[in-house]
Amino acid sequence: MNLPRVGIVSATGTGRKRTLPALVGSTVCTVSAVHGRNAEKVRTLAQQFNVPFTYTDLDEMIAGAHFDIAVVCSPPY
């Protein structure tokens with residue numbers, strides 16, 4: 001069975017602290033892509049959580065289509 005793939009937008013803040021730890025190792029989905037403004041932080045995050053695709057450009061992330069569901073973790077302000 002193929003699990004739904006999740007892409008995390010703005011993954012280096014709250015996404016790193018709360019969302020990624022909750023989803024990594026899940027039996028209902030797999031985290032396949034992460035996005036953030038800082039390329040080095042995003043690469044480090046992807047290595048830490050074993051996420052195959054990293055993006056600093058949201059349009060490229062969407063065009064890459066390496067996810068089925070997006071979770072936006074940017075602050076509400």
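# Close-up views of a predicted model

**View 1. Asn-2, in the segment before β1.** The structure shown here and in the other views is a predicted model. Asn-2 is exposed, and its relative accessible area is 78%. Along the chain, Asn-2 and Thr-30 are 28 residues apart.

**View 2. Strands β1 and β2 pair in the parallel sense.** Strand β2 spans residues 30-35, and four bridges connect it with β1. Gly-7 stands opposite Ala-33 of β2. Ile-8 has Val-34 as its bridge partner in β2. Four of the five residues of β1 are buried, so this strand is largely enclosed by the rest of the structure. Strand β2 is mostly covered as well, with five of its six residues buried. In a regular strand, side chains alternate between the two faces of the sheet.

**View 3. A salt bridge joins Asp-68 and Arg-5.** The closest N and O atoms of the pair are 3.0 Å apart, and the limit for a salt bridge is 4 Å. The count for the model is one salt bridge. Asp-68 belongs to the loop between α3 (58-64) and β4 (69-72), whereas Arg-5 is in strand β1 (residues 5-9), so the contact ties together parts that are 63 residues apart in sequence. Both partners are partly exposed: Asp-68 has a relative accessibility of 48%, and Arg-5 has a relative accessible area of 29%.

**View 4. Cys-29 and Cys-73 without a disulfide.** Which cysteine sulfur is closest to that of Cys-29? The closest is the sulfur of Cys-73, at 12 Å, which is too far for a bond. A disulfide would require the two sulfur atoms to lie within 2.5 Å. Cys-73 is likewise in no disulfide, its nearest cysteine sulfur being that of Cys-29. The count of disulfides is zero. Are these cysteines buried or exposed? Cys-29 counts as buried at 8% relative accessibility, and Cys-73 also counts as buried, at 12%. For both residues the cut-off is the one for buried positions, under 20% relative accessible area.

**View 5. The largest pocket and its lining.** This pocket holds about 290 Å³ of space. Its lining is made up of 13 residues. Ser-10, Thr-12, Gly-13, Arg-37 and Pro-75 are the lining residues that lie nearest the centre of the pocket. By residue class, the lining divides into eight polar, three nonpolar and two charged residues.

**View 6. Ser-10, a residue with positive phi in the loop between β1 and α1.** The phi angle of Ser-10 is about 60 degrees, although this residue is not a glycine. The loop that holds Ser-10 lies between β1 and α1 (14-23). Ser-10 is partly exposed, with 23% relative accessible area. Ser-10 is also one of the residues nearest the centre of the largest pocket.

**View 7. Ala-65, a residue with positive phi in the loop between α3 and β4.** The phi angle of Ala-65 is about 55 degrees, again in a residue that is not a glycine. At 44% relative accessibility, Ala-65 counts as partly exposed. Asp-68, the salt-bridge partner of Arg-5, is also placed in the loop between α3 and β4.

**View 8. Arg-43, in helix α2.** The helix covers residues 39-49. Arg-43 is partly exposed, with a relative accessible area of 47%. How far apart are the C-alpha atoms of Arg-43 and Phe-53 in space, and what is the separation in sequence? The two C-alpha atoms are 8.8 Å apart, and the residues are 10 apart in sequence.

**View 9. Asp-57, in the loop between β3 and α3.** Strand β3 comprises residues 53-55. Asp-57 is partly exposed, and its relative accessible area is 30%. The C-alpha atoms of Asp-57 and Ala-39 are separated by 9.7 Å. Along the chain, Asp-57 and Ala-39 are 18 residues apart.

How values were computed:
Residues numbered from 1 in each chain as written. Predicted model: local features only at pLDDT ≥ 70, side-chain atom pairs only at ≥ 80, totals over all residues. Heavy atoms only, no water. Buried < 20%, exposed > 50% of the residue type's maximum accessible area, 1.4 Å probe, protein only. 1 Å grid on protein atoms, 1.4 Å probe; cavity = no way out; pocket = protein on both sides within 12 Å on 5 of 7 lines; lining within 4 Å. Points joined across faces, edges and corners; volume = space filled by probe spheres on them. Nonpolar A, V, L, I, M, F, W, Y, C, P; charged D, E, K, R; others polar. Salt bridge = Lys/Arg side-chain N within 4 Å of Asp/Glu carboxyl O. Helix = DSSP H or I, 4+ residues; strand = E, 2+ residues; numbered from the N terminus. Pairing = 2+ DSSP bridges.
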